[in-house]
Amino acid sequence: MPLLTRRLPSLLCCALLLLIPGCKRSGTGASTNASPSQEPITQIDPATAGSVEGIVHLVGKPPARIEIDMAQDPACAMSPYGKNLTEGIVSQDGKLANVYVYVKDGLGNKVYPTPGTPAVLDQKGCRYVPHVLAAMVGQPIEFRNSDPTMHNVHMQPTVGGNQQFDISQPPNGGTTRHAFAKPELMIPVRCNNHPWMQAFLNIAANPFFVVTGDDGHFAIHGLPPGQYTLVAVQEQLGQQQANVTVTTHGTATADFSFKTK
């Protein structure tokens with residue numbers, strides 16, 4: 001039998017073996033080049049953006065704010081920031097502070113850039129400042145200790161994907177940063193060393209949110225024209241919502257009224 005005829009089966013096998021790795025390389029390349037399905041990042045367009053603003057009212061007599069006894073820690077009792085009052089309901093002239101207002105519906109699948117600037121929660125005068133803080137998913141939150149005493153920051157989120165957070169910070173200590181992966185409302189923040197200390201952290205899915213000040217006023221800017229559902233959340237009085245229509249360069253209005261229980 002000629003030599004070529006005897007070697008033909010071996011040559012065919014080698015050719016097949018060369019072809020098989022080639023198929024694997026092609027498949028691997030296709031897999032590597034494919035990117036996961038993601039919505040494109042949407043930038044706020046000032047040429048078309050509008051706003052929504054309003055006032056959060058308190059109907060009824062607000063409960064008296066009680067001075068907190070901080071004698072267990074002399075550093076707290078001698079704080080230069082003055083006396084510490086309960087903050088569950090803070091109202092002045094019928095306006096309600098510390099209400100978290102955010103856009104819940106109306107943006108569709110739009111994804112907005114995550115702010116790189118941290119939201120700051122300070123420990124000052126043995127209380128959390130501010131009492132209600134809001135940040136966006138993925139945005140760094142900076143926890144500070146400006147007091148001459150040891151503090152603890154303890155959070156137990158309930159939404160899957162948000163990790164529990166429990167750190168101690170030395171007197172006049174450095175800062176610690178943390179970010180949350182999922183939207184969540186009113187996560188309690190506590191200090192295990194000072195049981196009266198409490199704040200609430202809100203994590204938003206988009207950049208359209210705000211916390212009311214002492215005058216109860218809120219304003220959310222940069223919204224594209226459209227119809228939206230706003231939600232206002234107060235730690236003791238619950239939630240309310242309102243529907244608004246935002247037009248190009250227009251300012252929609254939405255007021256909320258909470259009643260004392």
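The torsion about the S-S bond of Cys-76 and Cys-126 is about -75°, so this disulfide is left-handed. The bond ties together parts that are 50 residues apart in sequence, because Cys-76 lies in helix α2 (residues 74-77) and Cys-126 in the loop between β5 (119-123) and β6 (128-129). The model is predicted.

**Cysteines**

- The structure holds one disulfide, and in this bond the sulfur atoms of Cys-76 and Cys-126 are 1.9 Å apart.
- Cys-76 is buried, at 1% relative accessibility.
- Cys-126 also has a relative accessible area of 1% and is buried.
- For Cys-191, the closest cysteine sulfur is that of Cys-126, at 7.9 Å, which is too far for a bond. A disulfide needs the two sulfur atoms within 2.5 Å.
- Cys-191 is buried as well, with 2% relative accessibility.

**Largest pocket**

- The largest pocket holds about 330 Å³ of space.
- It is lined by 18 residues, and those closest to its centre are Lys-110, Val-111, Pro-183, Ala-205 and Asn-206.
- Strand β4 (residues 100-105) gives the largest share of this lining, with three residues.
- Sorted by class, the lining of the largest pocket consists of nine nonpolar, five polar and four charged residues.

**Second largest pocket**

- The second largest pocket has about 210 Å³ of space.
- Its lining is made up of 14 residues; Arg-65, Glu-87, Asn-98, His-131 and Asp-214 are the closest to its centre.
- In the lining of the second largest pocket, six residues are nonpolar, three are polar and five are charged.

**The sheet that contains β4**

- Strand β4 is part of an open sheet of four strands, in the order β14-β4-β16-β17, with antiparallel pairing.
- The edges of the sheet are β14 (209-211) and β17 (238-246); each has a single partner strand, so one side of each is left without a neighbour in the sheet.
- From one strand to the next, the twist averages 25°.
- Three bridges connect β4 and β14, which pair in the antiparallel sense.
- Tyr-102 stands opposite Phe-209 of β14.
- Tyr-100 lies in strand β4 and is buried, with a relative accessible area of 0%.
- The C-alpha atom of Tyr-100 is 9.0 Å from that of Glu-235, although the two residues are 135 apart along the chain.

**Strands β1 and β19**

- Strand β1 (residues 50-59) runs parallel to β19, and four bridges join the two.
- Val-56 is placed opposite Phe-256 in β19.

**Backbone geometry**

- Most residues other than glycine have a negative phi, and most peptide bonds are trans.
- His-249 lies in the loop between β17 and β18 (251-253).
- With a relative accessible area of 55%, His-249 is exposed; Cys-126, by contrast, is buried.
- Pro-130 is found in the loop between β6 and β7 (132-136).

Technical notes. Residues are numbered from 1 along each chain as its sequence is written. This is a predicted model: local features need pLDDT of at least 70, side-chain atom pairs count only at pLDDT 80 or more; totals for chains, interfaces and linings use all residues. Side-chain values use heavy atoms; hydrogens and water are left out. On a 1 Å grid over the protein atoms alone, a cavity is a set of points where a 1.4 Å probe fits but cannot get out, and a pocket is an open set with protein on both sides within 12 Å along at least five of seven lines; lining residues have an atom within 4 Å of a point. Grid points are joined across faces, edges and corners, and a volume is the space filled by probe spheres set on the points. Ala, Val, Leu, Ile, Met, Phe, Trp, Tyr, Cys and Pro count as nonpolar, Asp, Glu, Lys and Arg as charged, and the others, Gly among them, as polar. Buried means under 20% relative accessible area, exposed over 50%, partly exposed in between (1.4 Å probe, protein chains only). Two strands pair if DSSP finds at least two bridges between them. Axes are lines fitted to C-alpha atoms, for helices over the stretch in contact, and angles run from 0 to 180 degrees between N-to-C directions.
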